[in-house]
Amino acid sequence: MPITRRRFFGLFAGTGALVGAPLWISSMKTYDGPVSDHFNGLHFFDPDGSPPKSLREVLRWQFSGGRERAKWPVWAPSPHADIPPARVDGGKVRLSFVGHASWLIQAGGLNVLIDPVWSSRVSPVSFAGPKRRNDPGIAFEKLPDIDVVLVSHGHYDHLDLATLSRLAKNFAPRVVTPLGNDVTMRSYDSTIKAEAFDWHARVELGGGIAVHLVPTRHWTARGVFDRNKALWASFVLETPAGKIYVVCDSGYGDGRHFRRVAERHGPLRLAILPIGAYEPRWFMRDQHMNPEDAVKALADCGAEQALGHHHGTFQLTDEAIDAPAKALVEALDAAKIPQHRFVAMKPGQVVEI
């Protein structure tokens, strides 16, 4: 199978930029801090997780015979679009789905963006790599003043430097992220107000809102030589309407990460869980959940309700664009969980709690 430019740069986003990164990435500054139970002085690791796939396994997935990769439509617009209010006060929380893993969460008079990506591609270059198949659910020009940005990890479909720089120019928000990702951000744009924290940190955001950075079953990289040199995390937001568990990327494993969140942070009012970018399972199982896994994760974390994201915007893996939403319906039926408890979101849809 020929190695086309599209396939070459298609390795970057959800698989963590294992090959082909620009040479400058190899010399980027990285985190330097004390050894811990999940940092060995050079690399971060999850004691209850699994290491990222090897380059050999990446090439086997991408170029071996018999690969079945669904063809996505060139453009798949969402029927929804949101124009959010300036602020949301009182005991209500407003959640607007921007697309992929990007959200605007408004509560306590605070406007918080999660993993904001407004770029047309998730790639180290602007001319190739996974491309948007629908517009962001909120046009950038329609954003309210942004106070805080939470960035879960360094993969290109979550840490979008162009968008962060644009946000810094327009709003100068605080950017809260796991250890090491602040180095990436400031190396690109010194005006990005990045603050880095370890797992289990609790950060006051204002307006009665706080965020906990919690372990998640994943990994990170932006180039060939920086695998796991920054940390990754999920978030638990304390809000007036209850706690919201935001999982931007995660494998399921044996479910212990989700059960621990329930034990340490429960009860949870809402969980935002990834349901896409999961085929082929032999390759993706350790880093991305499929809908069946996500339904198990909902049961493990004990949230009252869940919203599904990380699907339908960028083709990172082999399943069809509509496969995650269809499989979620089947998984909920199999688990005898009402469909209204776990909804697959489309860009521009809004939920209020």
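Proline 178 has phenylalanine 197 in β6 as its bridge partner. That pair belongs to the contact between β5, residues 174-178, and β6, which run parallel and are joined by 5 bridges. A word on the naming: strands (E, at least two residues) and helices (H or I, at least four) are DSSP runs, numbered from the N terminus. Two strands pair if DSSP finds at least two bridges between them. Before going on, please note that this is a predicted model, in which local features need pLDDT of at least 70, side-chain atom pairs count only at pLDDT 80 or more, and totals for chains, interfaces and linings use all residues. Residues are numbered from 1 along each chain as its sequence is written, and side-chain values use heavy atoms, with hydrogens and water left out.

Contact here means heavy atoms within 4.5 Å. Angles run from 0 to 180 degrees between N-to-C directions, with axes as lines fitted to C-alpha atoms, for helices over the stretch in contact.

Helix α3 covers residues 161-170, and its buried residues are Leu161, Thr163, Leu164, Ser165, Leu167 and Ala168. Buried means under 20% relative accessible area, exposed over 50%, and partly exposed in between, with a 1.4 Å probe and protein chains only. What do the buried residues of α3 pack against? They pack against β3 (110-114), β4 (148-150) and α4. After α3 comes alanine 172, with a positive phi near 50°.

Histidine 100 also has a positive phi, near 55°, and is not a glycine. It sits in the loop between β1 (93-99) and β2 (102-107). Is histidine 100 buried or exposed? Its relative accessible area is 3%, so histidine 100 is buried.

On to the next sheet. Another 7 strands form an open sheet with mixed pairing, in the order β7-β8-β9-β10-β11-β12-β13. Here β7 (202-206) and β13 (342-344) are at the edges with a single partner strand each, so one side of each lacks a neighbour in the sheet. From one strand to the next, the twist averages 20°.

Going through some of the pairs, β7 and β8 (residues 209-214) run antiparallel and are joined by 4 bridges. Valine 203 is opposite valine 211 in β8. β9 and β10 form a hairpin with 2 residues between them, and their antiparallel pairing covers 5 bridges. Within that pairing, threonine 239 is opposite glycine 242 in β10. By contrast, β10 and β11 run parallel, joined by 4 bridges; the partner of lysine 243 in β11 is leucine 268.

Two helices cross this part. Helix α5, residues 256-265, lies across β8, β9 (234-239), β10 (242-246) and β11 (268-274), at about 160° to β10. Helix α7, residues 291-301, lies across β10, β11, β12 (305-309) and β13, at about 155° to β11.

Two peptide bonds deserve a mention. The bond from glycine 266 to proline 267 is cis, with omega near 0°, and proline 267 is in the loop between α5 and β11. The bond from glutamate 279 to proline 280 is also cis, with omega near 0°. Proline 280 lies in the loop between β11 and α6 (281-284). That loop also holds alanine 277, which has a positive phi of about 65° although it is not a glycine. At 6% relative accessibility, alanine 277 counts as buried.

That is where I will stop; questions are welcome.
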